[in-house]
Amino acid sequence: MAGSQNFVADPRNETARIYLNGEFVPREQALVSIFDAGWILGDGVWEGFRMHGGRLAFMDLHLDRLFMGAKAVDIDIGMTRDEVRSVLEATLERNGMTGQSGVHVRLMITRGLKKSPNQDPRNTVSGPTVAIVAEYKEPDPELLNTGLSLFTSAIRTCRADMFDMTLNTHSRLNYIMALNQAIKAGADEALMLDDRGFVATCNATNFFAVRNGRVLTSTGVNCFNGITRANIISLCDSHGIPCEQRDFTLAQVYDADEAFVTGTFGGLTPVRMVDGHPMPAVMGPISSTLREAYQEYAAKCA
């Protein structure tokens, strides 16, 4: 079994340097205190970037999402947008990754050190903890042939007034629980419904179904604030493919001709089965068209 985050191991990552609070350190020295708010509570925000055409694609959109999330949870990143951009580029340069392909970058920012393990942000005694992991990381190519098997989890997504899914926070336990359910059911990833029973998202990616030549995805209210998702919706429009952002049911998914998920790491990854219901095509014509279009667009927008 392999989820959409499955990757091909690369030995070059063993010697890569990690950016940690202004220093570049070996992997084994990239350590944070047990008093860090991220360790204690998952109190932090993160962003994932991917190299296309030798550069980090959609940088401004990723930085928009990062700073929006930090502001929403009242974390002072301690750097301007330009400074964040600079440390990302410095990390790539330090590791000889500038202009390379197949590179994925994870930027993680927590509230910082606490004087005691508790919830109160007023007990923070340091600036934010900032870490950047840049790796040679390619999605498993076999997924394009086999596709993902999804299982619908009993765990529902939340309304924004309960837990805002548009924020890339470190708090991910509910999605991990959903994924664990899917794994125990013999699937690769979890499909999740919203609080009304309509299809919302997957545990780490956004979900699309194709029926009768039309692409369906959720309204966007109860799914991740996906940059790749938004690009796919835009590419549907530019390629004359009808795309509807609306409520739809599991029964409509079971009757789909194709299905796929989207995310920064994998781009567009096909789905072969949902709850034991096979898709007629693993990488059907619309999925293939959109995947190729996205790869070209991402390289152009890097």
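Trainee: Is Phe24 buried, exposed or partly exposed?

Mentor: Phe24 is partly exposed, with a relative accessible area of 29%. Keep in mind as we go that this is a predicted model. The label comes from cut-offs: buried is under 20% relative accessible area and exposed is over 50%, with partly exposed in between.

Trainee: Which kind of aromatic pair do Tyr19 and Phe24 form?

Mentor: For a ring pair, read the distance between the centres and then the angle between the planes, where over 60 degrees counts as edge-to-face and under 30 as stacked. A search of the whole structure gives five aromatic pairs. Tyr19 and Phe24 make an edge-to-face pair, with 5.6 Å from centre to centre and 70° between the planes. Tyr19 has 9% relative accessibility and counts as buried.

Trainee: Why is the pair of Phe208 and Phe260 called stacked?

Mentor: The planes of Phe208 and Phe260 are at 15° and the ring centres are 4.9 Å apart, so this pair counts as stacked. Phe208 belongs to strand E12 (residues 206-211) and Phe260 to strand E15; the pair links distant parts of the chain, 52 residues apart. Phe208 and Phe260 are both buried. Elsewhere, one aromatic cluster is formed by Phe58, Tyr294 and Tyr297.

Trainee: Let's turn to charges. How many salt bridges does the structure hold?

Mentor: Here is the general idea: side chains of opposite charge can pair when their charged atoms come close. This structure holds 18 salt bridges. One of them joins the side chains of Arg12 and Asp10, at 2.8 Å from N to O.

Trainee: Which parts does the salt bridge of Arg81 with Asp60 tie together?

Mentor: Start with the distance: the closest N and O atoms of Arg81 and Asp60 are 3.5 Å apart. Arg81 lies in helix H3 (residues 81-94) and Asp60 in helix H2 (residues 59-72), so the pair ties together parts that are 21 residues apart in sequence. Both ends are partly exposed: Arg81 has a relative accessible area of 29%, and Asp60 has 43%.

Trainee: What distance, N to O, goes with the salt bridge of Arg81 and Asp64?

Mentor: The side chains of Arg81 and Asp64 meet at 2.7 Å, N to O. This pair also links distant parts of the chain, with Arg81 in helix H3 and Asp64 in helix H2, 17 residues apart. Asp64 is partly exposed, with a relative accessible area of 40%. Through shared partners, salt bridges join Asp60, Asp64, Arg81 and Arg85 into one network.

Trainee: Now the spaces. What volume does the largest pocket have?

Mentor: For a space like this, read the volume, then the lining. The largest pocket has a volume of about 720 Å³. Its lining has 33 residues, and Gln5, Trp46, Arg106, Arg172 and Ala204 lie nearest the centre. Among the elements that give two or more residues to that lining are strand E4 (44-52), strand E6 (103-110) and helix H5 (173-184). By class, the lining of the largest pocket has 10 nonpolar, 18 polar and five charged residues.

Trainee: How many cavities of 30 Å³ or more are there?

Mentor: A cavity is a space where the probe fits but cannot get out, whereas a pocket is open. The count is two cavities of 30 Å³ or more. The largest cavity holds about 50 Å³ of space. Residues lining the largest cavity include Arg50, His52, Phe58, Ile227 and Tyr294, and E4 and H6 each supply at least two residues of that lining. Its lining divides into four nonpolar, four polar and one charged.

Trainee: And which residues line the second largest cavity?

Mentor: Among them are Asp194, Arg196, Val199, Arg246 and Asp247. The second largest cavity has a volume of about 40 Å³, and its lining has two nonpolar, four polar and four charged residues.

How values were computed: Residues are numbered from 1 along each chain as its sequence is written. This is a predicted model: local features need pLDDT of at least 70, side-chain atom pairs count only at pLDDT 80 or more; totals for chains, interfaces and linings use all residues. Side-chain values use heavy atoms; hydrogens and water are left out. On a 1 Å grid over the protein atoms alone, a cavity is a set of points where a 1.4 Å probe fits but cannot get out, and a pocket is an open set with protein on both sides within 12 Å along at least five of seven lines; lining residues have an atom within 4 Å of a point. Grid points are joined across faces, edges and corners, and a volume is the space filled by probe spheres set on the points. Helices (H or I, at least four residues) and strands (E, at least two) are DSSP runs, numbered from the N terminus. Ala, Val, Leu, Ile, Met, Phe, Trp, Tyr, Cys and Pro count as nonpolar, Asp, Glu, Lys and Arg as charged, and the others, Gly among them, as polar. A salt bridge is a side-chain nitrogen of Lys or Arg within 4 Å of a carboxyl oxygen of Asp or Glu. Buried means under 20% relative accessible area, exposed over 50%, partly exposed in between (1.4 Å probe, protein chains only). Rings of Phe, Tyr and Trp (its six-membered ring) pair if their centres lie within 6.5 Å; planes under 30 degrees apart count as stacked, over 60 as edge-to-face and the rest as tilted.
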